[in-house]
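Work through the two exercises below with the model open. Each task is followed by a solution in steps.

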Amino acid sequence: MNLDKSVSKGYRSGFISLIGRPNVGKSTLVNQLVGEEVAITSPVAQTTRNRLRAILTTPKAQLILVDTPGIHKPHHLLGERLVKSACSTIGEVDLILLMLEGNKPPGRGDAFIVNLLQEKNDIPVVVVLNKWDQVKLHQYEERENSYKNLCKTNKWPFFRCSAITGEGCPNLIEFLSEGLPLGPYLYPKDMVSDQPERVLLSEFIREQVLLHTREELPHSVAVNIDRVEDRINSKANGTKKTMTAILATVLVERKSQKGIIIGKGGKMLKIIGQGARMRMQKLLDGPVYLELFVKVVPNWRSKPARLSELGYKWD
Ligand code: GDP
Ligand code: MG
């Protein structure tokens, strides 16, 4: 990596882990702070499977945001690995950003996480009350106080913000920057994500599957990128134009799920492919040809070998 260490005196850098229940908006906030769509988001809980580092470089600091799968009670091997992954980041970072759903009163899942963090009281915690765009003005005080009561400490600063509209985010960035230790760039300053391109590509497909089939399909979907290759598209006016051809397989657990993903006459698969292709073209900055296959692998979520093959190997 070609690192430019010639940063000015007083520059800060470090790791910030986003911790919170599934669906509170962690991945949306990562995208909002970094200004690019590096993390996939959806209204379905447990969208985020891999630990993703997103990087925000400002003139004052470099913030490395660690997006984690939400913390919840696991029901299968995949769930177990996800929670383990989220918890294991707690001890490794400079700051913890505890995300709570400001648009709802505190729940039992929140208390579980707060207790977990209080056991590790050596790492500074910043609380973000997210989804504040959905809180009515007359509820502001009461809602914030209910979360302050839940946290039982006045050591943790509170921020109201909306990961969707970006409201409150500049303040948050400022505050987080000041909380990091002095240090140089830890990643090249134009880098926004530490995930390999293949992982992002497969996540784009999974995102579309979750978006378009969420009522019918549980989380038994995984995506494998089988091949990525540059192809010469046309030679008009003597100029070569390349396009990226991507072959990918969507794995499901049951035959009925395969049917849902393919849809009547292949309609659903076409919609999924189109959505993913748009995101891929943005990432790769050029035309993409995408071919999707659907394969049934019973119980892939409970098979360690399959999980590792698909990249869920953080232990
Ligand atoms: P994660 O599981 O914590 O990573 O949550 P996601 O980032 O995937 O977001 C879950 C859902 O909440 C998505 O449908 C988001 O669009 C939505 N969401 C996230 N942040 C906000 C916010 O600030 N306001 C509103 N209204 N919705 C939000
Ligand atoms: Mg997420």
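A polar contact is a pair of N or O atoms within 3.5 Å. The model used here is predicted.

**Exercise 1. Ligand 1**

Find which residues come nearest to ligand 1, and which backbone atoms lie close to its oxygen atoms.

Solution.

1. Start with the shell. There are 18 residues around ligand 1, and Asn23, Lys26, Thr28, Asp133 and Ala163 come nearest.
2. Sort the shell by class: ten residues are polar, five are nonpolar and three are charged.
3. Assign the shell to elements. Helix 1 (residues 26-34) gives the largest share, three residues.
4. Apply the cut-off to the backbone. A polar backbone atom of Asn23 is 2.8 Å from an oxygen atom of ligand 1. For Lys26, a backbone N or O atom also lies 2.8 Å from a ligand oxygen. For Ile164, the distance from a backbone N or O atom to an oxygen of ligand 1 is 3.4 Å.
5. Finish with the area. Ligand 1 exposes 580 Å² when taken alone, and the protein buries 88% of that.

**Exercise 2. Helices 7 and 8**

Describe how helix 7 and helix 8 pack, and list the residues that meet.

Solution.

1. Two packed helices are described by the angle between their axes and the distance between the axes.
2. For helix 7 (residues 255-262) and helix 8 (residues 267-284), the angle is about 65° and the axes are 5 Å apart. Helix 7 is therefore roughly perpendicular to helix 8.
3. On the helix 7 side, Ile260, Ile261 and Ile262 take part; they meet Lys267, Met268, Leu269 and Ile272 of helix 8.
4. By class, this contact has six nonpolar residues, one charged residue and no polar ones.

Methods: Residues are numbered from 1 along each chain as its sequence is written. Chains are lettered from A and ligands numbered from 1 in the order in which they are written. This is a predicted model: local features need pLDDT of at least 70, side-chain atom pairs count only at pLDDT 80 or more; totals for chains, interfaces and linings use all residues. Side-chain values use heavy atoms; hydrogens and water are left out. Axes are lines fitted to C-alpha atoms, for helices over the stretch in contact, and angles run from 0 to 180 degrees between N-to-C directions. Helices (H or I, at least four residues) and strands (E, at least two) are DSSP runs, numbered from the N terminus. Angles under 35 degrees count as roughly parallel, over 145 as roughly antiparallel, 65 to 115 as roughly perpendicular and the rest as oblique. Contact means heavy atoms within 4.5 Å. Ala, Val, Leu, Ile, Met, Phe, Trp, Tyr, Cys and Pro count as nonpolar, Asp, Glu, Lys and Arg as charged, and the others, Gly among them, as polar. A residue is near a molecule or strand if one of its heavy atoms lies within 4 Å of it. A polar contact is a pair of N or O atoms within 3.5 Å; within protein, one must be able to donate a hydrogen and the other to accept it, and residues adjacent in sequence count only if both atoms are side-chain atoms. Accessible areas come from the Shrake-Rupley method with a 1.4 Å probe; for residues, only the protein chains shown count as cover.
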